Structures are given as structure tokens and as C-alpha cells.
Amino acid sequence: MIERSLTKHGQAVVPIEIVQASAEELPFATDSFDTVVATLVFCTIPNPEKAIIEMKRVCKPGGKILLFEHVKMQNRFLSSLQNWLTPAWKEICDGCHLNRNTLELLRNKEIPIILVHQYYRDLFVFAEAENRK
């Protein structure tokens with residue numbers, strides 16, 4: 001994705017810094033950002049719990065954490081299908097887990113979720129959380 005973004009990088013009106021880093025070890029100081037955004041990444045992060053801790057660390061107290069992710073569905077049949085497909089899906093799609101419960105990961109790290117919008121029978125979610133340290 002970085003290579004694809006470089007064509008637009010030079011056209012940006014505001015300065016943009018591109019940083020390639022692991023989500024589990026972000027190269028930013030604690031309390032650096034007012035808002036932290038993750039879009040369709042938590043399915044493939046090897047250690048999502050550590051990545052959430054890092055998001056919490058770099059986000060200022062009272063800051064927002066915004067996620068748009070595909071997640072394990074609530075429908076029992078569909079979530080069972082996700083569980084069944086995930087092993088093969090991970091091999092085909094660069095480690096993507098169809099059955100990650102990212103919202104539960106946020107709750108487990110004591111990050112209160114303020115707002116959730118569900119899309120496509122809750123396969124995709126947008127979540128807004130507040131970083132209360």
C-alpha cells in the first residue's frame with residue numbers, strides 16, 4: 001500500500017510523512033496523537049492485543065480511537081462459517097482472520113466504545129472509542 005500511495009504523496013496539499021512500522025511496536029512517543037485510526041488491519045496483525053495496547057499508548061488521554069474492521073459476525077451460523085473458513089483463508093489472504101472479535105479486544109484493554117455502526121449483517125463495523133487512561 002505504501003508503494004501505491006507514493007503517486008499521490010507528491011500531490012498532497014498538506015505535508016504527509018509515511019512511516020512503515022509494526023502495529024505492535026509503533027515508533028511514536030506516548031500520548032502523541034489526538035486520534036488513532038485503523039482500517040481493515042486488525043484481521044492480519046499477528047498480535048492484535050499488543051497492537052491495541054500500542055494504539056492506547058500513542059493516543060492522548062481523552063483522544064479518539066477509530067476503527068473500521070471486518071469482524072466475527074454475531075449470527076451463529078455465519079460466525080461458525082467464518083471459524084470454519086479462517087484456517088484456509090489465512091493461507092490464501094496473507095494471514096487474514098475472518099473471525100477476529102476486535103471490539104471485544106478493545107473492551108478487554110479497557111477502551112470504552114462510544115459508538116458502533118454495523119454493515120453487511122455486522123460483518124463490518126465502524127467503532128469510535130475514547131482513550132481513558
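Biologist: Why is K60 called partly exposed?

Modeller: Partly exposed lies between buried (under 20% relative accessible area) and exposed (over 50%), using a 1.4 Å probe and protein chains only. K60 has 31% relative accessibility, so the label is partly exposed. This is a predicted model: local features need pLDDT of at least 70, side-chain atom pairs count only at pLDDT 80 or more, and totals for chains, interfaces and linings use all residues. Residues are numbered from 1 along each chain as its sequence is written, and side-chain values use heavy atoms, with hydrogens and water left out.

Biologist: What makes D34 and K60 a salt bridge?

Modeller: The term needs a side-chain nitrogen of Lys or Arg within 4 Å of a carboxyl oxygen of Asp or Glu. For D34 and K60, the N to O distance is 3.2 Å, so the pair qualifies. D34 sits in strand 1 and K60 in strand 2, 26 residues apart. Strands here are DSSP runs of E, at least two residues; helices are runs of H or I, at least four; both are numbered from the N terminus.

Biologist: Is D34 buried or exposed?

Modeller: D34 has 51% relative accessibility, so D34 counts as exposed.

Biologist: How do you know that E128 is buried?

Modeller: E128 has 19% relative accessibility, so E128 counts as buried. E128 forms a salt bridge with K64 at 3.4 Å, N to O. E128 is in strand 4 and K64 in strand 2, so the pair ties together parts 64 residues apart in sequence.

Biologist: What separates R57 and E54?

Modeller: About one helical turn, because they are 3 residues apart in helix 2.
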